[in-house]
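Morning, everyone. I'd like to walk you through one model today, so let me put it on the screen.

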Amino acid sequence: SSVLNTGEVIRYFVGHNFTMNYDSYTGITAHNYYLYEENGMLSMAAWDYNDGFGLLISALHPELTMTDIVNWGIDTPLCDVELSQRPMWEWIVENDDYLQEYHAAMEVLLGKYFKSGRFIQEIDEVYHLIRQYVYKDPTQFYSTDRFEREVESTRAFCVKRAESIQRQLDGVLSADTMAQEAEAKVDASDVVITH
């Protein structure tokens, strides 16, 4: 706490672990984030989330189902890397006070964006804001049909991820991926994420 803005770093991991971007600090690459200093304190800033929402983990581990991915434990967010190799996460999970703060911040995210309906409202607003430009773009990377499918996939992923995290916070589903019981998981078999 003498060198890190612990609250900011914890909130970084709340958003990060919700969106499951494994082309980053919690994955094998350990990049796509910044450390920044302000008044002698370090924080983390997110960057490059194009492989988020389970996209990279599903490509790296085709044996995982979307149900496995959506229910990934919030207390065990690492993929293909040891805890000791990620000290910015390790100090949170190894300290009961910081872990409780992390869980409380995750609860705030769920309440503020999902239980309130704000997530659906915002994703719909952004969709309607950019849709006309996507349809008119002569250099688009993907078809407009794929754009429509991906909006729905992202919406479904986030809603089911929020439901799973709530179950984890409530103790219905383990927050440790390896200790989860199949019957307690949120069914995400209808979610399709494609590269």
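**Pockets first**

Sorted by class, the lining of the largest pocket has 13 nonpolar, 8 polar and 4 charged residues. For the classes, Ala, Val, Leu, Ile, Met, Phe, Trp, Tyr, Cys and Pro count as nonpolar, Asp, Glu, Lys and Arg as charged, and the others, Gly among them, as polar.

Before I go on, the ground rules. This is a predicted model, so local features need pLDDT of at least 70 and side-chain atom pairs count only at pLDDT 80 or more, while totals for chains, interfaces and linings use all residues. Residues are numbered from 1 along each chain as its sequence is written, and side-chain values use heavy atoms, with hydrogens and water left out.

Back to that pocket. Its volume is about 730 Å³. Of the 25 residues lining the largest pocket, Tyr142, Phe147, Glu150, Val151 and Thr154 are the closest to its centre. Helix 6 (118-136) and helix 7 (144-170) each give at least two residues to the lining. Pockets and cavities both come from a 1 Å grid over the protein atoms alone: a cavity is a set of points where a 1.4 Å probe fits but cannot get out, a pocket is an open set with protein on both sides within 12 Å along at least five of seven lines, and lining residues have an atom within 4 Å of a point. Grid points are joined across faces, edges and corners, and a volume is the space filled by probe spheres set on the points. Helices (H or I, at least four residues) and strands (E, at least two) are DSSP runs, numbered from the N terminus.

The second largest pocket comes in at about 230 Å³. It has 13 lining residues, with Leu109, Tyr113, Phe114, Phe119 and Glu122 nearest its centre. Which helix gives the largest share of that lining? Helix 6, with 5 residues. Helix 1 (6-19) and helix 5 (96-115) are also among those that supply at least two each. By class, we have 9 nonpolar, 2 polar and 2 charged residues here.

Now, Phe18 in helix 1. Phe18 is buried, at 5% relative accessible area; buried means under 20%, exposed over 50%, partly exposed in between, with a 1.4 Å probe and protein chains only. Leaving out residues up to four places away in sequence, Phe18 touches Leu109 and Phe114, as well as Phe13, Leu110, Phe157, Cys158, Arg161, Ala162 and Ile165. Contact here is heavy atoms within 4.5 Å.

Arg161 turns up again in the lining of the largest cavity, together with His16, Asn17, Met20, Asn21, Tyr22, Thr26 and Pro77. That cavity has a volume of about 30 Å³, and the search of the whole structure finds 1 cavity of 30 Å³ or more.

A word on helix 7: its 27 residues reach 39 Å from first C-alpha to last, close to the 39 Å expected at 1.5 Å a residue, where the expected span is 1.5 Å times one less than the number of residues. Gly171 follows helix 7, with a positive phi near 85 degrees.

Last, the strands. Strand 1 (residues 33-38) and strand 2 (residues 41-46) pair antiparallel over 6 bridges; pairing takes at least two DSSP bridges between the strands. They make a hairpin with 2 residues between them, and Asn39 in the turn has a positive phi of about 55 degrees. Glu37 stands opposite Leu42 in strand 2. Ser43, also in strand 2, is buried at 3%.
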